[in-house]
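Look at the structure first, then read on.

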Amino acid sequence: MLHRRSRLSRRAFAATALSALVAGGGAVAASAAMAGGDSERRSLREMRGVWVASVANRDWPSKPGLTVAEQRAELIAILDRAVHSRLNAVMFQVRPTADALWPSPYEPWSQVLTGTQGQDPGWDPLGTAVKEAHARGLELHAWFNPYRIANHTDVTKLVASHPARRHPDWVVTYGGKLYYNPGLPKVRAFVQNAMLDAVRKYPVDAVHFDDYFYPYPVTGQTFDDDAAYARHGKAFPDRDAWRRNNIDKLVSEMAARIKQTRPGTRFGISPFAVWRNAATDSRGSDTRAGVQTYDDLHADTRKWVRENWIDYIAPQVYWNIGFAAADYAKLLPWWSEVARGTGTQVYVGEALYKAGDPAQSAAWQDVAELSRHLTLAKDHPQVRGHIFFAAKDVATDRIGAMARVVADHYQRPAKPPR
């Protein structure tokens with residue numbers, strides 16, 4: 001992905017002009033040290049993950065065209081940093097734009113490696129990542145983006161052998177990008193096959209999707225799936241219901257096929273954190289988000305949890321405690337309650353990249369903001385850990401927010417939950 005920074009600008013809330021409220025300050029180390037009983041036992045099995053974004057060379061590799069030795073050294077440094085920070089899992093983006101970071105018979109080598117799509121980089125990044133992560137006691141979750149083809153609209157820029165060039169009828173241009181059409185059964189089968197190739201070849205611990213299903217809305221533009229809807233949508237009351245069913249099928253089918261392909265491999269999804277606002281649906285969260293996954297991305301994230309289609313959900317709760325439009329302290333218990341009584345675990349996506357960013361609100365200039373998030377989570381047993389965005393920010397740790405999390409909450413190593 002161009003990932004979160006550019007995407008967050010598209011996720012504008014109607015209320016983003018409102019000032020964020022800063023939660024009460026103070027160190028949390030003392031309260032964390034006092035935590036015992038169930039919370040202490042839970043901490044021995046908790047997710048401590050980090051996203052490693054390859055799209056646009058966000059986290060790795062730092063730029064295209066590095067030598068194999070340089071790319072490998074950067075990858076090893078990320079894994080070593082994760083161990084140093086007492087993390088236990090990496091969510092490694094291996095299919096950022098309908099391409100691959102492993103030798104795939106379905107899609108071309110990613111251009112983030114060499115600068116040229118389809119060019120063999122001379123090594124196997126995913127295979128190396130799995131081996132080296134496991135050697136360090138880290139889980140490796142293979143992170144895939146199902147439908148995005150390119151962050152531009154020129155199909156001729158794709159390598160000639162690209163499936164999008166061989167099947168132009170699969171492609172929709174929208175918002176300055178190219179996407180596969182989720183409404184075509186052939187597309188759904190193809191993207192599953194492309195992703196499952198990696199699961200078949202490598203002992204990945206999990207398959208991980210991010211939040212891109214149908215694309216985020218772009219004002220004044222229409223996602224042109226008229227022909228697909230006319231052909232495949234007759235049984236549905238409206239286009240939105242048909243679109244949601246398309247994504248439901250992707251998720252439920254992928255869940256079944258992962259288990260068939262490599263039993264024991266888990267399936268997790270990291271959606272935008274607002275399913276629906278309570279003003280839209282009484283079952284929704286006490287938020288005023290400008291984007292709702294159910295309505296705008298046609299992703300019924302709550303259903304996937306309640307139906308036990310996925311092993312974990314990692315909502316991107318990328319806001320501070322007290323933020324008026326989407327308060328971390330309100331979304332955390334909402335997701336915990338959604339998961340109650342299901343087999344789906346909640347790992348909260350944390351916006352480490354915001355900590356100390358001068359463009360962010362005062363709350364994100366407080367070194368303890370993220371640590372307070374983890375303290376809140378201890379009161380919610382369905383929340384089994386956190387994932388931090390992203391690897392580059394773990395390394396730079398602009399104001400020491402990650403170091404504070406480690407000091408307050410990660411004093412001892414922990415294994416990921418199962």
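Helices here are DSSP runs of H or I with at least four residues, numbered from the N terminus. By that numbering, Asp397 is placed in the loop between helix 15 and helix 16. The model is predicted.

**Backbone angles**

Most residues other than glycine have a negative phi, and most peptide bonds are trans. Asp397 has a positive phi, near 40 degrees, and is a residue other than glycine. With a relative accessibility of 16%, Asp397 counts as buried, because buried means under 20%. Asn57 is another residue other than glycine with a positive phi, near 55 degrees. Asn57 is in the loop between strand 1 and helix 4, and its relative accessible area of 15% makes it buried.

Which residues are joined by a cis peptide bond with omega near -20 degrees? They are Trp60 and Pro61. Pro61 is in the loop between strand 1 (47-52) and helix 4 (68-84). The bond between Phe389 and Ala390 is also cis, and its omega is about 5 degrees. Ala390 belongs to the loop between strand 11 (383-388) and helix 15 (391-396).

**Aromatic pairs**

A pair of aromatic rings is described by the distance of the centres and the angle of the planes. In the whole structure, a search finds 26 aromatic pairs.

Phe209 is in strand 7 (residues 206-209) and Phe267 is in strand 8 (residues 266-269), so their pair ties together parts that lie 58 residues apart in sequence. Trp275 is in the loop between strand 8 and helix 11 (293-297), while Trp334 is in helix 13 (residues 328-339), so this pair ties together parts 59 residues apart in sequence. Trp275 and Trp334 are both buried.

Rings can also group in a cluster. One aromatic cluster is formed by Trp51, Tyr318, Tyr353 and Phe389. Phe389 is also on one side of the cis bond to Ala390.

**Charges over rings**

The charged end of Arg148 is over the ring of Tyr212, 5.1 Å from the ring centre. Arg244 lies over the face of Tyr294, at 3.9 Å from the centre of that ring.

**The buried interior**

In soluble globular proteins, nonpolar side chains tend to be buried together. The largest nonpolar core of this model has 126 residues. Phe92, Tyr180, Phe209 and Phe267 have the most contacts inside the core. Phe209 counts as buried, at 0% relative accessibility, and Phe267 is likewise buried, with a relative accessible area of 0%.

What does Phe267 touch, not counting residues up to four places away in sequence? Its contacts include Val207, Phe209, Val251, Met254, Ala255 and Ile258. Trp309, Ile310, Asp311 and Tyr312 are also among them.

Why is helix 16 (residues 401-409) described as largely enclosed by the rest of the structure? Seven of its nine residues are buried, so the description follows from that count. The buried residues of helix 16 are Ala401, Met402, Arg404, Val405, Val406, Asp408 and His409.

How values were computed
Residues are numbered from 1 along each chain as its sequence is written. This is a predicted model: local features need pLDDT of at least 70, side-chain atom pairs count only at pLDDT 80 or more; totals for chains, interfaces and linings use all residues. Side-chain values use heavy atoms; hydrogens and water are left out. Rings of Phe, Tyr and Trp (its six-membered ring) pair if their centres lie within 6.5 Å; planes under 30 degrees apart count as stacked, over 60 as edge-to-face and the rest as tilted. Helices (H or I, at least four residues) and strands (E, at least two) are DSSP runs, numbered from the N terminus. Buried means under 20% relative accessible area, exposed over 50%, partly exposed in between (1.4 Å probe, protein chains only). A charge sits over a ring if NZ of Lys or CZ of Arg is within 6 Å of the ring centre and within 35 degrees of the ring normal. A nonpolar core is a set of buried Ala, Val, Leu, Ile, Met, Phe, Trp, Tyr and Cys residues joined through side-chain atoms within 4.5 Å. Contact means heavy atoms within 4.5 Å.
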